[in-house]
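Hi everyone, thanks for coming. I'd like to walk you through a structure, so please have a look at the screen.

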Amino acid sequence: MSFHMNLKAAVIGLIALGTAAQADQLADIKAAGKIVTATDMHYAPFDMLNNGTYEGMTKDLFDEVAKEIGVEPVYQDIPWTAELPGLEVGKFDIVIAPVTITPERLERYTFTLPIADATVSLVKAASNTELTKPEDIKGKTVGVQQGTAQFKQLQAYGESLGGVTVKEYGTTDEAYADLAAGRLDAVAGSLPNLTYLVKNRPETFTLFEPAQFGQPTYFAWVLRKEAGSESFAKAINDAILKMTDDGRIKTIQEKWLGSYTELPREVPTN
């Protein structure tokens, strides 16, 4: 009896393993008719709330991707620090907040093709004539959004200069407010975000010259790193490539960033 029970348990276990191995996130999404996403809607120009309505470059891009896949997107406003942990435990299908591709994150997550340049840059108050080039932040106080790749790059750059006081913020909007109020000397962020900021508030902010420092990096979207997500990632990447070739990516970039940057057609690995 014990032998038969053990055999039955083994068979059930094998069936369960086989079912798990055959799990297909894309098939589940199509069956549900929706993609549940997470992003931080306080990260202009990618994600923002305009009188309570979600808009931005990310939304325009992902609306088109969802159309290509044939499902409806469900957008959720989630604090950045809760997005990747929430993804890991299955609270949503994908993080569409722009996430910088790094070697460490590539080991833990599946990234889509890049959606934008993410190279870290610096912005200052328009009235500040003391600071001009990036190395001028030595000994100064610089704000940055917590938990971001830009935060790590700023820390490393500050150490190479001999010391920078780094102040972390929950959102970039909070950092910009403190910069405008004179409580910060500069703010570090991705070039697209800071370019958009200066474009819309030139009387308050201006970019360093040059603005960028560190290695070129890219933003992308993030899925769980598991076999079942492979088909979903491929569907998104196929949609991005199609949109690149038919000009939709260019149109959306120019709408929100004012210019077009050609992006890699493969996921960068370093």
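First, some housekeeping. This is a predicted model, where local features need pLDDT of at least 70 and side-chain atom pairs count only at pLDDT 80 or more, while totals for chains, interfaces and linings use all residues. Residues are numbered from 1 along each chain as its sequence is written, and side-chain values use heavy atoms, with hydrogens and water left out. Helices (H or I, at least four residues) and strands (E, at least two) are DSSP runs, numbered from the N terminus.

Now the helix pair. Two packed helices are described by the angle between their axes and the distance between the axes. Here, α3, residues 57–69, packs against α9, residues 230–245, at about 115°, and their axes are 9 Å apart. The axes are lines fitted to C-alpha atoms, for helices over the stretch in contact, with angles from 0 to 180 degrees between N-to-C directions. That makes α3 and α9 roughly perpendicular, a label for 65 to 115 degrees; under 35 is roughly parallel, over 145 roughly antiparallel, and the rest oblique.

Which residues of α3 and α9 meet? From α3 we have L61, E64, V65, E68 and I69, and from α9 F232, A235, I236, A239, I240, K242 and M243; contact means heavy atoms within 4.5 Å. By class, that gives nine nonpolar, three charged and no polar residues. Nonpolar covers Ala, Val, Leu, Ile, Met, Phe, Trp, Tyr, Cys and Pro, charged covers Asp, Glu, Lys and Arg, and the others, Gly among them, are polar.

Next, helix α8, residues 191–200. Seven of its ten residues are buried, including Y196 and N193. Buried means under 20% relative accessible area, exposed over 50%, and partly exposed in between, using a 1.4 Å probe and protein chains only.

In helix α7, residues 172–180, the buried ones are T172, A175, Y176, D178 and L179. Seen down the axis of α7, they fall within an arc of 165°, so they line one face; the arc is taken from the directions from the helix axis to the C-beta atoms. Just after α7, G182 takes a positive phi of about 85°.

Finally, the backbone. N51 has a positive phi of about 55° although it is not a glycine. N51 sits in the loop between β3 and β4, and counts as exposed at 79% relative accessibility. There is a cis peptide bond from A44 to P45, with omega near 5°, and another cis bond joins E209 and P210, with omega about -5°. P45 lies in the loop between β2 and β3, whereas P210 is in strand β13.
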